[in-house]
Amino acid sequence: MTQDNSSQDKAAGQNGGGDLFNTAAGWVLFAAGLWLGLSILSGKYFHGDKPERPEKLGYVIEGVVEEGGGAAAEMSMAEALSMKPAAELVAAGEKAFAKCQSCHTVNAGGANGIGPNLHGVMGKPLGAHAGFAYSAELKAKGGNWDWDSMNEWLKNPKAYVAGTKMSFAGLPKIEDRAAIAMYLNAQGSNLPVPTFVADAAAGAEEPAAGETPAPAETPAE
Ligand code: HEC
């Protein structure tokens, strides 16, 4: 009795297994067909077969500070200047200026040291502080100290002015350069701080006043 039962069970089991196999095989075929269809479609419409790089990588989110100084895309000076209130940047810059104090004073009428006194340097022509013997290279560079030139200079003085006498490796972080430039700007200079306008796509608030369309170019006569 017991044996009969078990052999019946086995037979039933095999039948069931057969059905199950057919069903499973059906699903596998269906899935394979679906996959094939989708991969052809996506190849057609999304160029999945061609290794094209988008012009701008999608994962770079502007306005988001990367942790650890941002080895990838560095933010602009204007953006770095917008990250903190001015007073905080000035305070951070004053602290960071400790790196410069062995060579520079910044108070009004301060003495020249290894480097020139830096009072009011923002907005002044390069190499213009009275009584300091600048390198010929710095004097020949031309231009004024503004946010951009100061940014480049402090990032790597020797790259900005080859042959400069300033033996300072540079400040790799834009945050430090922005803070020091802001601090210098508060020591006898007062250049307008650039306003940071994020990409329209990044949801920037544009000033309403900026919406005036540029006048259409009308040819004279
Ligand atoms: C080891 C000494 C030394 C250190 C440290 C140093 N500097 Fe200088 N700096 C100089 C010298 C020397 C010059 C003049 C360069 C030349 O004539 O080529 C100079 C020039 C400059 C100038 C140009 C001034 C002008 O009148 O055109 C600026 C701005 C400046 N330094 C900022 C800084 C800042 C900010 C720091 C700190 C982050 C710093 N320096 C650190 C020695 C130094």
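Predicted model: local features only at pLDDT ≥ 70, side-chain atom pairs only at ≥ 80, totals over all residues.
View 1. Of the 221 residues in the protein chain, 16% count as buried. Among the contacts in the protein chain with a separation of 6 or more, 55% are accounted for by residues 24 or more positions apart.

**View 2. Surroundings of the ligand.** The ligand is surrounded by 25 residues, of which C100, C103, G115, S135 and M166 are the closest.

**View 3. Helix α5 and its packing partners.** Helix α5 spans residues 147-155, and its buried residues are W147, M150, N151, W153 and L154.

**View 4. The crossing of α5 and α7.** The axes of α5 and α7 come within 10 Å and cross at roughly 125°, and the two helices are therefore oblique to each other. The crossing in which α5 passes α7 is right-handed. On the side of α5 the contact involves W147, M150, N151, L154 and K155, which meet R177, I180 and A181 in α7. The residues of this contact of α5 with α7 divide into 5 nonpolar, 1 polar and 2 charged.

View 5. Leaving aside neighbours within four places in sequence, M75 is in contact with A80 and I174. The pair M75 and I174 is 99 residues apart along the chain, yet the C-alpha atoms of these two residues are separated by 7.4 Å.

**View 6. K173 in the loop between α6 and α7.** K173 lies in the loop connecting α6 and α7, and K173 counts as partly exposed because 15 C-beta neighbours are found inside 10 Å, a count that falls between the limit of 12 or fewer for exposed residues and that of 20 or more for buried ones. From K173 to K155 the separation is 18 residues in sequence and 7.7 Å in space, taken from C-alpha to C-alpha. K155 is also one of the α5 residues that meet α7.

Note on methods: Residues numbered from 1 in each chain as written. Helix = DSSP H or I, 4+ residues; strand = E, 2+ residues; numbered from the N terminus. Near = placed C-beta within 6 Å. Contact = placed C-beta atoms within 7 Å. Axes fitted to C-alpha atoms, helices over the stretch in contact; angles between N-to-C directions. Parallel < 35°, antiparallel > 145°, perpendicular 65-115°, else oblique. Left-handed = near helix turned anticlockwise from the far one by under 90°. Nonpolar A, V, L, I, M, F, W, Y, C, P; charged D, E, K, R; others polar.
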